[in-house]
Amino acid sequence: MNTFKALGLNDAILQAVTDMGFTEPSEVQEKAIPVLLREATDVVALAQTGTGKTAAFGFPLIQKVDANNRKTQGLIISPTRELCLQITNELKNYSKHVKGLNTVAVYGGANIQEQARQISRGAQIIVATPGRMQDMMRRNLVDISGIDFCVLDEADEMLNMGFYEDITTILADTPKGKQTWLFSATMPKEVARIAKQFMNNPIEITVGTKNMGAENVSHEYYMVNARDRYQALKRLADANPEIFSVVFCRTKRDTQKVAENLIEDGYNASALHGDLSQNQRDLVMKSFRARQIQMLVATDVAARGIDVDDITHVINYQLPDEIETYTHRSGRTGRAGKTGISMVIVSKSELRKIRTLEKIINKQFVQKDIPTGMEICEVQLMHLANDIRNTKINEEINPYLFSINEVLEGLSREEVIKKVFSVEFTRFFNYYQKTKDLNIAVKADLKEESGESTRYFINIGAKDDFDWMSLKDFLKETTGLGDGIYKVDCKDSFSFFNTDTEHKDAILALFEDFKLQGRQVHVEITKDTRGGGGKRKRNDRKSSGGGYGGGGRGRGRRNDSGGGGGRRSDSGDGFRGKSKGSGERRGKSKAEPKENKSPFSGKRRRRDR
Ligand code: AMP
């Protein structure tokens with residue numbers, strides 16, 4: 001076992017190591033500290049947050065700077081305010097027995113004059129975010145022209161956040177002869193470019209394997225129709241009751257909206273994005289760390305500094321614009337030796353991005369189905385059973401046991417269990433029993449594209465007293481195809497449904513001369529499954545009196561939904577019209593009835609109190 005002493009650290013630092021309770025060096029410390037102490041060299045170290053990398057560069061830096069000289073000798077550049085403060089705190093701890101050594105944090109959102117004052121008192125080490133650092137340089141509030149050491153921390157994240165120009169501007173003001181220590185979790189081209197451009201034959205140190213974050217993370221994708229994205233997100237959360245996750249959206253607006261919807265639906269969620277004040281962001285992060293928030297909905301930029309271990313899932317609600325950003329997102333989970341799952345919700349048109357991602361991360365994605373309502377019910381029930389099993393008995397309950405037994409007298413053990421579980425089960429069973437399978441429609445679409453599935457138009461609908469379920473039953477029975485009838489979408493005076501293409505001739509033949517209560521029923525193949533929503537609605541209205549005949553044989557009428565705004569008739573959600581009980585939210589309207597709340601909301605809140 002290597003010791004900190006053997007790495008060449010001096011007594012002041014060793015004392016701090018003891019104070020902090022570090023017993024042995026981590027891998028990156030073991031590899032980097034002797035090199036950085038002994039050699040006047042540039043170093044590129046590939047190490048993740050959580051590996052002890054701050055001490056790996058912090059200890060040698062503290063040991064090498066001259067505490068008796070007040071001039072700035074070391075500059076650490078880090079991507080975010082949070083990380084900047086964290087590094088500063090760590091360095092202060094490491095150097096608490098080094099007399100006269102000052103470390104000052106320079107970051108945006110705080111009083112710049114105060115930071116300048118602290119520097120003017122003498123700051124041998126400055127820890128800075130790129131934006132504020134440049135600001136201070138422009139105002140001549142800082143002098144880095146004589147530094148001996150420059151640390152670029154989380155270089156890949158800084159470049160990903162678009163700080164390339166800022167870093168080069170800052171480095172241009174530093175002396176050529178300084179040593180540069182670059183720390184990065186990954187080594188994308190841009191980081192290699194920085195290393196080549198600004199460093200002198202750097203020694204490379206690798207901890208574990210390169211991109212090791214990816215090693216502990218499995219990648220899954222879920223394909224749904226774009227309009228079902230939010231429902232899919234909720235189901236992923238419901239199917240993972242212990243979820244502790246970051247949900248990534250592309251824009252601040254989407255981030256806010258998704259978080260609001262989740263909160264409204266009873267989840268422990270919160271938004272994290274740049275429109276929040278620093279204070280608000282700090283509060284959100286505090287709650288997240290304390291696990292009062294289970295789903296942190298964040299933009300990429302705002303999530304940069306998140307240094308929370310134990311995140312079980314990263315959910316890509318939308319894929320990032322810059323596909324490389326995915327590595328950073330997924331790197332939020334699977335930290336500190338834990339495993340994690342990175343989930344991506346994609347629409348059909350985004351499938352090719354998954355293939356591109358596989359090449360970038362050099363790992364395969366597993367395609368998974370969004371759990372059905374009944375699968376979620378089962379997961380939740382088992383979770384409840386385990387919760388009950390693991391609950392520590394509160395002996396304070398003893399005085400009440402007699403009365404409880406009296407109330408329950410006559411019930412068998414089995415009955416008591418059934419009743420206890422029914423309290424929860426009925427609630428989410430009612431919620432989920434009629435919700436649609438989010439995977440079917442998209443699979444049918446894919447089958448349609450490949451010609452394996454055929455979509456039909458039929459001139460009966462809600463005006464004929466059908467809803468999607470009764471129409472499906474009617475079609476199942478009439479055709480004898482059973483579950484071979486799918487994607488039934490019941491409109492006002494007409495509807496759509498699918499079968500596998502092999503049944504096409506039989507279906508058309510069956511409805512060639514078919515009467516329902518004396519009325520001729522027509523079935524035709526419909527090709528265009530998109531667009532034309534506006535036209536469709538007009539035709540729908542026109543033909544509403546007399547069914548198929550009224551609307552003519554125009555293109556619009558045959559078009560399936562998907563385009564046009566206005567009322568959406570979600571095929572198969574079972575809550576058409578006067579909603580029968582609590583269903584998933586059909587639209588995003590705030591006016592959605594209260595019963596659309598998640599059935600788990602009460603439970604989650606209670607558990608958190
Ligand atoms: P970092 O990778 O620098 O963010 O460090 C992660 C955490 O590990 C910090 O809270 C450090 O204080 C702690 N740490 C660093 N080195 C060691 C060590 N050798 N033993 C135990 N904890 C450490």
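**View 1. Strands S15 and S17 pair in the antiparallel sense.** Strand S15 (residues 453-458) and strand S17 (residues 495-500) are joined in the antiparallel sense over six bridges, where strands (E, at least two residues) and helices (H or I, at least four residues) are DSSP runs numbered from the N terminus, and two strands count as paired if DSSP finds at least two bridges between them. Phe-457 stands opposite Phe-496 in S17. This is a predicted model, in which local features need pLDDT of at least 70 and side-chain atom pairs count only at pLDDT 80 or more, whereas totals for chains, interfaces and linings use all residues. Residues are numbered from 1 along each chain as its sequence is written, and side-chain values use heavy atoms, with hydrogens and water left out.

**View 2. An open sheet of seven strands with parallel pairing.** The order is S10-S11-S9-S12-S13-S8-S14, and the edge strands, each paired on one side only, are strand S10 (269-272) and strand S14 (366-368). S10 and strand S11 (residues 295-298) pair in the parallel sense over four bridges, with Met-295 in S11 as the bridge partner of Ala-269. Helix H11 (residues 229-238) lies across several strands, among them strand S8 (217-223) and strand S13 (340-346), and runs at about 160° to S13.

**View 3. The residues around the ligand.** Of the 13 residues around the ligand (a heavy atom within 4 Å), Glu-24, Gln-29, Gly-50, Gly-52 and Thr-54 come nearest. Among the polar contacts (pairs of N or O atoms within 3.5 Å), a ligand nitrogen atom is 2.9 Å from a polar backbone atom of Glu-24, and a ligand nitrogen atom is 2.7 Å from an N or O atom in the side chain of Gln-29. A polar side-chain atom of Glu-90 lies 3.2 Å from an oxygen atom of the ligand. Taken alone, the ligand exposes 490 Å², of which the protein buries 70%, by the Shrake-Rupley method with a 1.4 Å probe.

Conventions:
Polar contact = N/O pair within 3.5 Å; in protein donor to acceptor, adjacent residues only side chain to side chain. Contact = heavy atoms within 4.5 Å. Axes fitted to C-alpha atoms, helices over the stretch in contact; angles between N-to-C directions.
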